[in-house]
Amino acid sequence: MSREKLNGLGINLPTFPTSTVGSFPKPDYLVEARAKFAKAKIERKELEDLERQATGFWIKTQEEIGLDVLVDGEMYRGDMVAYFSELMPGFEQSGLVRSYGNRYYHKPIIAGEGRWPGPVTVGWWRYAQGLTKRPVKGMLTGPYTVMDWSFNEYYPDRRSACLALARQIRREVETLVEAGAKIIQIDEPALSVRPEELPFAIEAMHLVTDGLPAYFIIHACYGAFDLIYSQMLKLPVDNLDLAISHSTLNLMEMFRRDPFTKDLSLGVLDVHSHEVEAPETVRDRIEKALKLLPKESIWIDPDCGLKTRTIEEARGKLINMVEAVRGLRARIGLN
Ligand SMILES: [Zn+2]
């Protein structure tokens, strides 16, 4: 079904389209330049030139690896919520707050009406798409996660904050579609944190995607997916991208109970491990899914963004992932 939608959008993909979740490791020169920029030692223009250079490197690298649907690699972003909230009027930044593990960051504060500041990601999407003939995904953080990872000091409750942000984020999505993006991924890593809030997270996603001519992917990680899986099928998107490489079997049990009705991006690489998975490991993970899902509905990608790996680890993992997929395509008589 979703394959027809893609074809209608002019996108023809092989069986088991390969892609990535979005972020790639930044080259050393860019890490250094970001540190210098933070200390006001270089101009923004110099930083942006290097961000463009790094984006070009990753587009070329993805083409060489043979991925089907590319990403810009998020060379211009630090934290996924801070990136958007720093640009959006209505937000302020807090003092340092402790997040997962020992990482400290400035948690955004919703201090006024969140307003779309004009295109945030569109320029980067356009730049990356201009470097390749393969489709590049539009990428942004979803309203539920922006709300959940911020302090709300303005809206009366979490639901109204989430819906208000959704209306602003829709404007970014509309602009991406107008620019020509056909595949748009909305990252909602916080989605499964509070199952009781999933109904309004779904309501928010309707505000973001309804009526727009694009193939929508939602990426969620840190999942208590067993609790929310049947609800997640109500999300108004075409493809669920779930971080499940550790728990494939359990999830597959759930598919048996509640048949899957969308495309699934099957996260087959563990982004938190230095180990470069062998093609056979990847193939086994895909074959488990194939026992329960039609091959037409499966996309293949890592289980989250690769930004915490080294460039060589990220490249090695993706090369093996593509090799596994090519082997499977050949074995079942495709391409
Ligand atoms: Zn993720």
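Being three residues apart in helix α3, R52 and D49 are separated by about one helical turn, where helices (H or I, at least four residues) and strands (E, at least two) are DSSP runs numbered from the N terminus. The side chains of R52 and D49 form a salt bridge with an N to O distance of 3.1 Å, a salt bridge being a side-chain nitrogen of Lys or Arg within 4 Å of a carboxyl oxygen of Asp or Glu.

Being three residues apart in helix α3, R52 and D49 are separated by about one helical turn; helices (H or I, at least four residues) and strands (E, at least two) are DSSP runs numbered from the N terminus. The side chains of R52 and D49 meet in a salt bridge with an N to O distance of 3.1 Å, the term denoting a side-chain nitrogen of Lys or Arg within 4 Å of a carboxyl oxygen of Asp or Glu.

The model is predicted: local features need pLDDT of at least 70 and side-chain atom pairs count only at pLDDT 80 or more, whereas totals for chains, interfaces and linings use all residues. Residues are numbered from 1 along each chain as its sequence is written, and side-chain values use heavy atoms, with hydrogens and water left out.

Helix α3 also holds E48 and R44, which are four residues apart and separated by about one helical turn. Their side chains form a salt bridge at 4.0 Å, N to O, and E48 is partly exposed, with 27% relative accessibility. The side chains of E313 and R309 are paired at 2.8 Å, N to O, and both residues are buried. Across the whole structure, 19 salt bridges are found. A network of salt bridges links D148, R158, R194 and E197.

E188, in the loop between β5 (183-187) and α8 (198-209), is buried yet has no salt bridge. R158, the nearest side chain of opposite charge, is 10 Å away from E188, with Lys and Arg counted as positive, Asp and Glu as negative, and His and the chain ends not counted. A polar atom of the E188 side chain lies 3.0 Å from the backbone nitrogen of Y144.

The largest pocket contains about 900 Å³ of space. On a 1 Å grid over the protein atoms alone, a pocket is an open set of points with protein on both sides within 12 Å along at least five of seven lines, a cavity is a set where a 1.4 Å probe fits but cannot get out, and lining residues have an atom within 4 Å of a point. Grid points are joined across faces, edges and corners, and a volume is the space filled by probe spheres set on the points. The pocket lining comprises 30 residues, of which R34, Y76, R77, G78 and E86 lie nearest the centre. Two or more lining residues come from each of α2 (28-38), α3 (44-65), α4, β1 (91-98) and β2 (104-110). By class, the pocket lining has 17 nonpolar, four polar and nine charged residues; Ala, Val, Leu, Ile, Met, Phe, Trp, Tyr, Cys and Pro count as nonpolar, Asp, Glu, Lys and Arg as charged, and the others, Gly among them, as polar.

One cavity of 30 Å³ or more is present, and the largest cavity holds about 70 Å³ of space. Its lining consists of F84, L87, M88, W116, P117, V120, L140, Q168, I169 and E172. The elements giving two or more residues to this lining are α4 (80-87) and α7 (158-179), and α7 gives the most, with three residues. Eight nonpolar, one polar and one charged residues make up the cavity lining.

Key:
Buried < 20%, exposed > 50% of the residue type's maximum accessible area, 1.4 Å probe, protein only. Polar contact = N/O pair within 3.5 Å; in protein donor to acceptor, adjacent residues only side chain to side chain.
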